[in-house]
Amino acid sequence: MLDRINQLAEEIKSLAASTAEEAEQLRIKYLSKKGLVSQLFDEFKTIPNEQKREVGKVLNVLKTQALDKINELKEGFASNGQGESGADLTLPGTSFELGSRHPLSIVKNEIVDIFARLGFTVADGPEIEDDHHVFEALNFPPEHPARDMQDTFFIATNPDVLLRTHTSSVQVRVMEKQQPPIRAIFPGRVFRNEAISARAHCIFHQVEGLYIDKNVSFADLKQTLLYFSKELFGADTKIRLRPSYFPFTEPSAEMDISCSLCGGKGCNVCKYTGWVEILGCGMVDPAVLEASGIDSNEYTGFAFGMGIERITMLKYQIKDIRLFFENDKRFLDQFKSAE
Ligand code: PHE
């Protein structure tokens with residue numbers, strides 16, 4: 001038996017493995033329960049007692065040597081870059097791509113930042129609204145066409161549960177809760193029952209602004225919008241106000257900016273007029289202030305509302321509004337560096 005132990009010891013000394021897998025196979029061959037070393041231990045039980053002392057000693061040395069050898073082989077693989085499975089751990093990992101902000105979020109954040117510099121805070125309200133907040137408190141007469149099924153999405157058959165068609169509803173919610181001074185903007189999603197085309201969508205985003213205090217004038221409105229336009233579209237930007245009509249403002253206006261693409265010379269984006277419309281605005285109608293519990297003898301205010309899609313399309317020369325909602329990675333990836 002001693003001979004066989006010595007023979008196995010020699011064999012084990014010269015063991016070599018070229019992969020972690022092979023080293024594991026060797027461990028199984030020599031050291032597992034049925035392995036060659038373990039077999040010798042089984043045999044050991046059967047030899048005469050007077051030999052046990054000597055043989056036992058040698059056998060224990062063999063087991064230690066075998067364990068050391070196998071460990072040494074395995075460690076070799078761990079430190080030369082290979083894991084137990086033989087994989088090369090020094091290879092670069094599989095990278096995963098970082099996403100980017102949606103262009104509408106980028107522009108919304110920019111708008112919020114600009115108005116924050118003028119002291120405007122941000123508020124929001126529900127997308128599912130009632131007639132009072134979207135229409136009635138904003139001075140829309142009962143027969144006004146905007147309330148019509150043509151424009152408004154109603155939830156189920158209840159005419160008093162609807163999707164807001166503009167963020168002006170948040171004006172009402174804020175005025176109901178808070179007395180002036182109020183200086184806030186309300187970014188949000190709005191819904192209109194419109195046919196989807198390159199220029200229009202049934203879901204889009206607006207930013208509403210509201211400023212109410214003592215002695216707020218139309219000049220304040222104009223200067224606020226001029227500052228905003230220069231900040232967003234560049235210092236050379238000019239603005240132009242055209243008389244318009246909204247039920248909740250009096251007087252009302254629509255604002256154009258000088259075309260940011262051609263600088264006012266005329267191009268196909270501004271339809272060769274040099275101007276593009278970006279928002280509606282006006283002085284808050286006293287009846288609207290009163291409807292929400294604000295004394296119109298003491299306070300005046302202005303409001304404005306703009307479409308984020310429209311502004312983003314102008315800023316980045318995007319020709320089709322549907323691109324914002326398709327989530328095509330080739331489109332979104334172009335805004336990775338725009339934040
Ligand atoms: N709510 C108007 C719209 O959706 C925009 C607007 C807001 C106009 C505030 C005037 C004042 O078209």
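Begin by selecting Glu 250, which UniProt lists, in an unreviewed entry, under "binding site"; UniProt positions follow the numbering used here, feature names are shortened, and annotations may be inferred rather than shown by experiment. The model is a predicted one, in which local features need pLDDT of at least 70 and side-chain atom pairs count only at pLDDT 80 or more, while totals for chains, interfaces and linings use all residues. Residues are numbered from 1 along each chain as its sequence is written, and side-chain values use heavy atoms, with hydrogens and water left out.

Glu 250 sits in strand E7 (residues 249–258), where helices (H or I, at least four residues) and strands (E, at least two) are DSSP runs numbered from the N terminus. With a relative accessible area of 48%, Glu 250 is partly exposed; buried means under 20%, exposed over 50%, and partly exposed in between, for a 1.4 Å probe and protein chains only.

Now display the open sheet of seven strands, whose order is E1-E4-E5-E9-E8-E7-E6 and whose pairing is mixed; two strands pair if DSSP finds at least two bridges between them. At the edges are E1 (121–122) and E6 (239–246), each of which pairs on one side only.

Move on to E5 (residues 203–213), which is largely enclosed by the rest of the structure because nine of its 11 residues are buried. E5 pairs with E4 (residues 182–191) in the antiparallel sense over 10 bridges, and there Ala 184 has Leu 210 of E5 as its bridge partner. Eight bridges join E5 to E9 (residues 300–307), again in antiparallel fashion, with Val 207 standing opposite Met 306 in E9. E9 also pairs with E8, in the antiparallel sense over five bridges, and here Gly 280 has Gly 305 of E9 as its bridge partner.

**The cores**

Which residues have the most contacts inside the largest nonpolar core? Select Ile 278, Phe 304 and Met 306, which hold that place in a core of 42 residues; a nonpolar core is a set of buried Ala, Val, Leu, Ile, Met, Phe, Trp, Tyr and Cys residues joined through side-chain atoms within 4.5 Å. At least two residues of this core come from each of several elements, including E5, E8 (275–284), E9 and helix H8 (218–233), and the largest share, seven residues, comes from H5. Around Phe 304, the residues in contact include Phe 115, Val 207, Leu 221, Leu 225 and Leu 279. A second, separate core of 23 residues includes Ala 184, Val 284, Val 288 and Tyr 299.

**The helices**

Next, show H5 and H10, whose axes come within 10 Å and cross at roughly 100°; axes are lines fitted to C-alpha atoms, for helices over the stretch in contact, and angles run from 0 to 180 degrees between N-to-C directions. H5 is therefore roughly perpendicular to H10, a description that covers angles of 65 to 115 degrees. Among the residues making this contact are Leu 104 and Val 107 of H5, and Ile 308 and Thr 312 of H10.

Finish at Leu 332 in helix H12, which counts as buried at 16% relative accessibility. Leu 332 touches Ser 100, His 102, Pro 103 and Asn 327, not counting residues up to four places away in sequence.

Methods
Contact = heavy atoms within 4.5 Å. Parallel < 35°, antiparallel > 145°, perpendicular 65-115°, else oblique.
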